[in-house]
Amino acid sequence: MSGPVRPVVNRDNAYFFEGTRAQELRIQRCNACGVLRHPPGPACPDCGAFDRGFVVAAGEGTVFSYLVHHAPQVPGKELPLVIALVDLDEGVRMVAEVTGPVEIGDRLRVGWNVVDDDLTLPIWTKVER
């Protein structure tokens, strides 16, 4: 079986993958107006500035929606695969791979899937109450 599909890293998202290697969940922040956004981009959608930085998120959020992927096979993944849209506590949404079943409204916490020396990916688990 081949390894996982590798993300395309570019100057707009390199900070994110540098963060995952450091086991930090980074969210792009406009240095001009302070707006947070995900996914990252070159210019702020609110003020148009190209001055971007990031904040480190707490790594917790709530399931807004989810799906269970049964087919086709995804390289490097075991099916079925749970993919959720997570409302991070910081106010942005992120697409997330989740271990185990979830329901809308469940609380999740980020963890780290160290694929190799160059790639670490976030993986989310349900927070038991």
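I took two strands as paired if DSSP finds at least two bridges between them. Helices (H or I, at least four residues) and strands (E, at least two) are DSSP runs, numbered from the N terminus.

**Ground rules**

I am working on a predicted model, where local features need pLDDT of at least 70, side-chain atom pairs count only at pLDDT 80 or more, and totals for chains, interfaces and linings use all residues. Residues are numbered from 1 along each chain as its sequence is written, and side-chain values use heavy atoms, with hydrogens and water left out.

**Entry 1**

I began with β1 (residues 26–30) and strand β2 (residues 36–37), which run antiparallel and are joined by two bridges. Here I found Gln-28 standing opposite Arg-37 of β2. The hairpin of β1 and β2 has five residues between the strands, and in it Gly-34 takes a positive phi near 90°.

On to strand β3 (residues 52–56): it runs antiparallel to β1, with five bridges between them. Ile-27 has Val-55 of β3 as its bridge partner. Put together, I get an open sheet of three strands in the order β2-β1-β3, with antiparallel pairing. Its edge strands are β2 and β3, each pairing on one side only. A reminder to myself: strands of a sheet pair through backbone hydrogen bonds, either parallel or antiparallel.

How many of the five residues of β1 are buried? I get four, so β1 is largely enclosed by the rest of the structure. For this I used relative accessible area: buried means under 20%, exposed over 50%, and partly exposed in between (1.4 Å probe, protein chains only).

**Entry 2: the helix and what follows**

Next I looked up helix α1 (residues 14–21), where Tyr-15, Phe-16, Phe-17, Gly-19 and Thr-20 are buried. What covers these buried residues of α1? My list includes β1, β3, β6 (93–99), β7 (107–116) and β8 (119–126).

After α1 comes Gln-23, in the loop between α1 and β1. With 44% relative accessibility, Gln-23 counts as partly exposed.

**Entry 3: two cis peptide bonds**

I checked omega and noted two prolines. The peptide bond from His-38 to Pro-39 is cis, with omega near 5°; Pro-39 sits in the loop between β2 and β3. The bond from Leu-79 to Pro-80 is also cis, with omega near 0°. I place Pro-80 in the loop between β4 (60–69) and β5 (81–88).

**Entry 4: a stop at Val-82**

Is Val-82 buried or exposed? I have it as buried, with a relative accessible area of 10%. Val-82 belongs to strand β5. Its C-alpha atom is separated by 7.0 Å from that of Tyr-66, 16 residues apart along the chain.

I then listed contacts (heavy atoms within 4.5 Å). Leaving aside neighbours within four places in sequence, Val-82 touches Leu-67, Val-68, Ala-96, Glu-97, Val-98, Gly-100 and Val-102.

**Entry 5: the whole chain**

Along its principal axes the C-alpha trace spans about 40 × 35 × 25 Å.

Of the 129 residues, 33% count as buried. I also looked at contacts between residues at least 6 apart in sequence: 48% of them join residues at least 24 apart.

The chain exposes about 7400 Å² (Shrake-Rupley method, 1.4 Å probe). Carbon and sulfur atoms supply 53% of this area.

Last, the charges: the mean positions of the 13 positive and 17 negative ones are 3 Å apart. I counted Lys and Arg as positive and Asp and Glu as negative, leaving out His and the chain ends. Each charge was placed at NZ of Lys, CZ of Arg, CG of Asp or CD of Glu.
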